[in-house]
Every structure is written in structure tokens, then in C-alpha cells.
Amino acid sequence: MQMQENSSFTPKNGNPMLEEFLEVSPPDNISWWPETLGWQILLFLFVLFIFYRFYLVFKHFMDNAYRRWANQQLGLLTQSTEDIQKLPILLKKTAVYGYKRESVADLTGLAFETWLDQECPKSEFSKTPIAGLLNHLSYSPAPVLTTEQFNKLKQQISHWIKYHQGES
């Protein structure tokens, strides 16, 4: 048995029911770009706001570089006599960098410790057993601290470096 080769019926896709089926063309892609002026302005303001927030984060990061440096230097100091003498110097350098030189450079002794306490919440340089210790370390030729005093002073300095208000 042979099939007819030249048939008048030649369905597309092999299914006779789809012979008159027309392929529907898909709609154009929807643009995500805002088409009206109001949405374009809103998009511009949003992008501007995002850049401003990045700027503020970057500025905050750069403004606090001296704090990171001071804390890093503080972490390197040991209980040796040379390193103990560096503690008040490091604190004074940090204070001079964070505030105007004129308001910090002249302060010494109890006045400096009181000023440190005023500029940082929960700072206790002038109220605790370490009161007067910074002045002693600054002018003593061979200062000696107990481990407890050294750790307490280092903890207070670290706290002050992290949380002082600073002038901006």
C-alpha cells in the first residue's frame, strides 16, 4: 500500500487543527526607564540621595582614621617603661587631632584629666584610682605601674579614643 505523496492537505506542524492558527506576536518589552518628568525627577533625587549617603559614610570613615590609628598604637604598647611613657603622649596626640589645638595643647595634670572626662561620656580619668596617673607618667623619668593600673589606664584611654565627641 502506497500513500499519496502529493496531497492537497499539508498541515503546518503536522496537526490539521492548527492550520489556521496564527502566532500572536509578543508585546514590546516594557522599559524600566521612567517616562514622565515627575518620575525622572524622583529617580534623579533618589540617585542623588544614594550618592550623598555614600559620601557621608566615606567622610565618617576618613574623619575617624585618627581613632583607628590611635587604637592600633595603643594595642601595640606593653607594660615596659618606654611604652608606659607613650600612653599620655598618645592620648594627647589623639586629643589634639580630634579638637582644636588651642583648646587642648595647654592642658596638663588634673585640668587635662577633667577635660578628658568632660569630652567623653563614662570617661573616668579624674575620678578613679588612676586620677593623676597621666601627669605622673608624663614627667616621671622611670614610671612603674602595676598590671592592674596599666590595664585600667589602657582601658580608659581606649574608651576615650573610641567615644570622645570631637569637633567637626
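Mentor: Let us begin with Asp63 and Lys59, which are four residues apart in helix 1 (residues 37-63), so that about one helical turn separates them. Please keep in mind throughout that this is a predicted model. An α-helix has 3.6 residues a turn, so residues three or four places apart point the same way. Side chains of opposite charge can pair when their charged atoms come close. Here Asp63 and Lys59 do form a salt bridge, with their closest N and O atoms 2.9 Å apart. Both partners are partly exposed, since Asp63 has a relative accessible area of 37% and Lys59 has one of 35%.

Asp83 is joined to Lys86 by a salt bridge in which the closest N and O atoms are 3.8 Å apart. These two residues both lie in helix 3, three residues apart, which is about one turn of the helix. In this pair Asp83 counts as buried because its relative accessibility is 12%, whereas Lys86, with a relative accessible area of 42%, is partly exposed.

Now compare a charged residue without such a partner. Asp117 lies in helix 5 (residues 109-119), and it is buried yet has no salt bridge. Its nearest side chain of opposite charge is that of Lys127, 4.8 Å away, and a salt bridge needs a side-chain nitrogen of Lys or Arg within 4 Å of a carboxyl oxygen of Asp or Glu. Leaving aside neighbours within four places in sequence, Asp117 is in contact with Ser123, Glu124, Phe125, Ser126 and Lys127.

Asp117 is one of the buried residues of helix 5, together with Gly109, Phe112, Glu113, Trp115 and Leu116. The buried residues of this helix pack against helix 3 (81-98), helix 4 (101-104), helix 6 and helix 7 (147-163). Gln118 also lies in helix 5, but it counts as exposed because its relative accessibility is 59%. Between helix 5 and helix 6 (133-139) there is a loop that holds Lys122, a residue with a positive phi of about 65 degrees although it is not a glycine. Lys122 is exposed, as its relative accessible area of 72% shows.

Finally, let us step back to the whole protein. It has seven helices and zero strands. A compact globule of 168 residues would have a radius of gyration near 15 Å, but this protein has 37 Å, and its C-alpha atoms fill a box of roughly 120 × 50 × 20 Å along the principal axes. Of the 168 residues, 28% count as buried, and the protein exposes about 13100 Å², of which carbon and sulfur atoms supply 60%. As for charge, there are 15 positive and 17 negative side chains, and the centres of the two sets lie 16 Å apart.

How values were computed: Residues are numbered from 1 along each chain as its sequence is written. This is a predicted model: local features need pLDDT of at least 70, side-chain atom pairs count only at pLDDT 80 or more; totals for chains, interfaces and linings use all residues. Side-chain values use heavy atoms; hydrogens and water are left out. The radius of gyration is taken over C-alpha atoms; the globule rule is 2.2 Å times the number of residues to the power 0.38. Buried means under 20% relative accessible area, exposed over 50%, partly exposed in between (1.4 Å probe, protein chains only). Accessible areas come from the Shrake-Rupley method with a 1.4 Å probe; for residues, only the protein chains shown count as cover. Lys and Arg count as positive and Asp and Glu as negative; His and the chain ends are not counted. The place of a charge is taken as NZ of Lys, CZ of Arg, CG of Asp or CD of Glu. Contact means heavy atoms within 4.5 Å.
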